[in-house]
Structure formats: structure tokens, C-alpha cells
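Trainee: I would like to learn how to read the features of a model. Can we take them one at a time?

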Amino acid sequence: MCVICGFLYEEEKGLPEHGLAPGTRWEDVPENWTCPDCGATKDEFEMIEI
């Protein structure tokens, strides 16, 4: 979850429109990836249980 805007990245859904296929694990998301809603960097995300 982005700590800035609350965007949730869900591994099972991925973000195909942003180059992340369904099933892409968070560890495999590129370090230069940014939040599609607010542009925050990957290090601005925290893992949460849904």
C-alpha cells in the first residue's frame, strides 16, 4: 500500500496497463516503478495483509 495516497498493489491482479502482469510479486516489481496514482517511489510502500 502506498503510504502517501493509499493505492493498493495486488500481486494477483498486477497492473497490466503499467507493464506488471497478473501474478507479478512485489519483490519483482522494478525499483524504478512509481505509484500510478501519486508517483511515489517503491520505497514509499508498506506491505499490509488484506
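Trainee: Which residues make the nonpolar surface patch?

Mentor: This is a predicted model. A patch of this kind gathers nonpolar side chains that lie within 5 Å and have over 30% relative accessible area. Here Met-1, Leu-8, Ile-48 and Ile-50 make a nonpolar surface patch of about 360 Å². Leu-8 has a relative accessible area of 35% and is therefore partly exposed.

Trainee: How many helices and strands does the chain have?

Mentor: Helices and strands are read as DSSP runs. The chain has zero helices and zero strands.

Trainee: Now a single residue. Is Trp-33 buried or exposed?

Mentor: The cut-off for buried is under 20% relative accessible area. Trp-33 has 9%, so Trp-33 is buried.

Trainee: Which residues is Trp-33 in contact with, leaving aside neighbours within four places in sequence?

Mentor: Contact is a matter of heavy atoms within 4.5 Å. The contacts of Trp-33 are Phe-7, Leu-15, His-18, Leu-20, Trp-26, Ala-40, Thr-41, Lys-42 and Phe-45. As a further reading of distance, Trp-33 and Lys-13 are 20 residues apart in sequence and 16 Å apart in space, C-alpha to C-alpha.

Trainee: What does the side chain of Thr-24 reach?

Mentor: It reaches the backbone oxygen of Ala-21, at 2.6 Å. Thr-24 counts as buried because its relative accessibility is 17%. Apart from residues up to four places away in sequence, Thr-24 touches Tyr-9, Glu-11 and Val-29.

Trainee: How many salt bridges does the structure hold?

Mentor: A salt bridge pairs a side-chain nitrogen of Lys or Arg with a carboxyl oxygen of Asp or Glu, within 4 Å. The structure holds three. In one of them, the side chains of Lys-13 and Glu-10 meet at 3.7 Å, N to O. Lys-13 is exposed at 52% relative accessibility, while Glu-10 is partly exposed at 23%.

Trainee: How far apart are the closest N and O atoms of Glu-27 and Arg-25?

Mentor: They are 2.6 Å apart in that salt bridge. Glu-27 is partly exposed, with 47% relative accessibility, and Arg-25 is partly exposed, with a relative accessible area of 47%.

Trainee: Which residue forms a salt bridge with Lys-42?

Mentor: Glu-31 does, with the closest N and O atoms 3.4 Å apart. Glu-31 is exposed at 64% relative accessibility, whereas Lys-42 is buried at 8%. Lys-42 is also among the contacts of Trp-33.

Methods: Residues numbered from 1 in each chain as written. Predicted model: local features only at pLDDT ≥ 70, side-chain atom pairs only at ≥ 80, totals over all residues. Heavy atoms only, no water. Buried < 20%, exposed > 50% of the residue type's maximum accessible area, 1.4 Å probe, protein only. Patch = residues over 30% accessible without salt bridge, like charges linked within 9 Å, V, L, I, M, F, W, Y side chains within 5 Å. Areas by Shrake-Rupley, 256 points an atom, 1.4 Å probe, with all protein chains shown as cover. Helix = DSSP H or I, 4+ residues; strand = E, 2+ residues; numbered from the N terminus. Polar contact = N/O pair within 3.5 Å; in protein donor to acceptor, adjacent residues only side chain to side chain.
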